[in-house]
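User: I would like to learn how to read strands and their neighbours in a model. Please take me through it step by step.
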Amino acid sequence: MDAEAAMSLKGIYCNSLTQYSRFNTLEVYIGNVPMGANHPIRLQSMTTTDTMDTEASIAQSIRMIDAGCEYVRITAPSIKEAQNLAEIRKGLHEKGYHAPLVADIHFTPNAAELAAKIVEKVRVNPGNYADKKKFEELNYTPEAYEAELQRIKKKFAPLVQICKEHGTAMRIGTNHGSLSDRIMSWYGDTPKGMVESAMEFIRICYELDYHQLVISMKSSNPQVMVQAYRLLVATMVREGMNYPLHLGVTEAGDGEDGRIKSAVGIGTLLEDGLGDTIRVSLTEEPEFEIPVARVLAQRYEERKHQQTQLKNADDVELPEYFSPFEYNKRPSAELNTFIGGHQVPRVILDISNKNLKDPFVLVDAGYIYSAALDKYNMGDQSIDFAYMGNQLPSFSFPGNLKQLFDYPTWQQLKNKTNCHPLFSLTEYISATERDTALNLVKIKREDLDTDAFADIPFDKTLVFVLETNETHGMADQRAFFFKLAQAGIDTPVIIKRSYQFDDENQEDIALKAQLYAATDLGALLLDGFGDGVWIDAPQLSSKFIVSTSFGILQATRSRISKTEYISCPSCGRTLFDLQETTQMIRSRTDHLKGIKIGIMGCIVNGPGEMADADYGYVGTGPGKITLYRGKEVIQKNVNTENALDELIEIIRADGNWVEKE
C-alpha cells in the first residue's frame, strides 16, 4: 500500500470510508446565500441565452429560480457582456428575484474584474485565464516555471483585490479538457495536472489573504473527475485548506445518458461527504437540471440524520491494488471465460414476475424474437443472466442467455444446460448438489465474520451476489471488497442493489432509482470493484432497468454498448441550437458502438473540453462548424447544412463507419 493510499483511509480525502460524514469546509458567502460548513448542498445552473439579450436572460433566470436554482451563472465572454450583468441583475431585483448571480469568465481578465464589481461571484478557469492553449509541448527549467507562476500572479492578483474590496466570491474551476499547454507539459494530462492548475491560483489567493473561494475539478469522464476531486481535497488538507467544492460532470449530454453520467460522478463524491454545491450539466433547458440536482442533494440531507455507522468495519484496510486517486480493477478469478477476470461486467435482470410463456418477454432484455425464423437476435444491450426465481419458462431461451433459478427449483430441473443455481449462504454450505460451471451465492458484508462463511467450499465455480440493507450501502459494499482482499479471496462479485420508493408519481420513482443506482453501483465500478450489476426495482419496467444498467457501465467506462455523446449544456456563447443539433447527430450516428462524439457550441468548449472524444463538431461562427478528429482540426468553417455529412465522411474515411440497419 503506498503512503498516499494509506493516508486516505485515515481521512485525508474524506472523513470516513465506513460512516457518512460531510467533509467540513469553509463557509463562503455568495451574496446572501452561503455555502459550505453546515449549510445545505446548494443547487445551481447556467443560462443559455445571449447575455446581451437582457429580457431573455431575466426570463430564463426566473424560470431557473422558480425551479429551485439558488445560484444563477451567466457567461461574460467580453466587457460588454460583463457590463450588461448589471442590467440583468437590476431587472431581476425589480421583479423580486434576488438569487446571487455568477459571472462565467474564460479568456478575459478585464471582463472578470468588471463583473466582480457587479455580481456576487465570478468563475475563472485557470487553464485559460492567464495561459494559452495551442496544444504545444513546452519545456521549462524549474526556474523558468517559477517565473511563469510569477507572471500568472501579476495577471490574477488584480481580480483577487477587487473581489476582496467588493465582497465578491470566486470559483476557481479547472476543466480537464482546457488544461493549459504549460500545465500539460509539466504535469501531463492527469488529475494531478488538474489539481495543480487550480492550486496555483488558490495559493495566490491564500497568499493575498482572500478566502471566499469555491473550487471545482470538472471532466466529461466521471472517473477522471472523481479522482481529481479526491486528489484536490488531499492536497488542500496537506496545505491546511478546506475550501468548498462545486461538483459537476462537464458536457454530460442529454436525457438518460446525461443524468446517469452526472450521478456517477457527483454521487460518488457525495457518498463520501464531499460537495457543497452541484450543477448537473445537461444539454437541455437549464431549469430541467434542477430537479435532477435536487434528487441527488436531498438524499444526503436525509443521510445526515440517519444512522450510518457500519458495524465491525473498524478493521478495514485498503487493498494493495487500490488507490482512490487512480483506477485499478480488482483482481478476480475468471470463471469459464464468462465472468470475472478480464471479462466485462455482466448484467442480471429479474424476470421472475413476467409472463414466461411468451418469448417476446425477452425483447426488453435485449433479445428480439422472430417467430417466423424461431430465433433470437441480440442487441447491443442484451443481458447476460435472467433471474427466474422459481418460475419455469415454457419456451426455449437464447443459447447465450444464462438462466438463474433459486436453488431448490434448480435442483428439480431435468435439463440444467445454461441454467445455474442461486443459493443463500446456508444453502450453499449444506447443498448436496452444486453446478459444475457456476454457483451464485447471496451474501452481505456482515456474513464475512460468521462461522458459515468460514465453512464455504471455495472453488472456481463460485460467484458472490453482494447485497446490502445499510443506509450507507455503497460504503458497506466497498468495505466488503476491502475485507475480501484482506482475506486473499478473488471470487467474482456481482453487485446487487434493491430500490423501493413511496412516491406516487412514476416519473419521480424512475428518476430516483436511476440516480441512486448510478451513484451506488457507479461509485464501486469507478474504483474497480464488481464483476456484474443487478438492479432490483420492482416498480420499474425491465426495459428501464436494462437501459439504466448498461448506462451505468458505459458512464464508468466498464462496458461500452453504444455511441457516447459529449455535449455541452449550452450558454450565451453557443453558436447553434445544441439540443436540436445533438438530436440530429444522434439520429444518424447512434448505431456506432464505442465511438465518442463531442458536440460543442463554441470554441471555448471546443477541442479541449471534448477531452477524449474521437470526433468533434464545434461551432466557430454563425452558421459555421469546425470538425475534429480527436484534437486535430480536419475541416474549418464548414456550412452548418453540410457539417454532419462531412463529419460522417471523416468517420467513414477512418474505417469506423457502418451502415445503420
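Analyst: Start with pairing: two strands pair if DSSP finds at least two bridges between them. Strands (E, at least two residues) and helices (H or I, at least four) are DSSP runs, numbered from the N terminus. This is a predicted model, where local features need pLDDT of at least 70, side-chain atom pairs count only at pLDDT 80 or more, and totals for chains, interfaces and linings use all residues. Residues are numbered from 1 along each chain as its sequence is written, and side-chain values use heavy atoms, leaving out hydrogens and water.

User: Which residue in E16 is the bridge partner of Leu404?

Analyst: His420 is the partner of Leu404. Strand E15 (residues 402-406) and E16 run parallel, joined by four bridges. Between them the chain passes through helix H11 (residues 407-412), in a right-handed β-α-β crossover. Right-handed means that, with the strands pointing away from the viewer, the path from the first strand over the helix to the second runs clockwise.

User: How many bridges join E16 to strand E17?

Analyst: Two, and E16 and E17 (residues 439-443) run parallel. Leu422 stands opposite Leu440 in E17. Here the chain crosses through helix H12 (residues 425-430), and this β-α-β crossover is also right-handed.

User: Why is E16 largely enclosed by the rest of the structure?

Analyst: Buried means under 20% relative accessible area, exposed over 50%, and partly exposed in between (1.4 Å probe, protein chains only). Five of the five residues of E16 (residues 419-423) are buried, so the strand is largely enclosed. Cys419, Pro421 and Phe423 point one way, His420 and Leu422 the other way.
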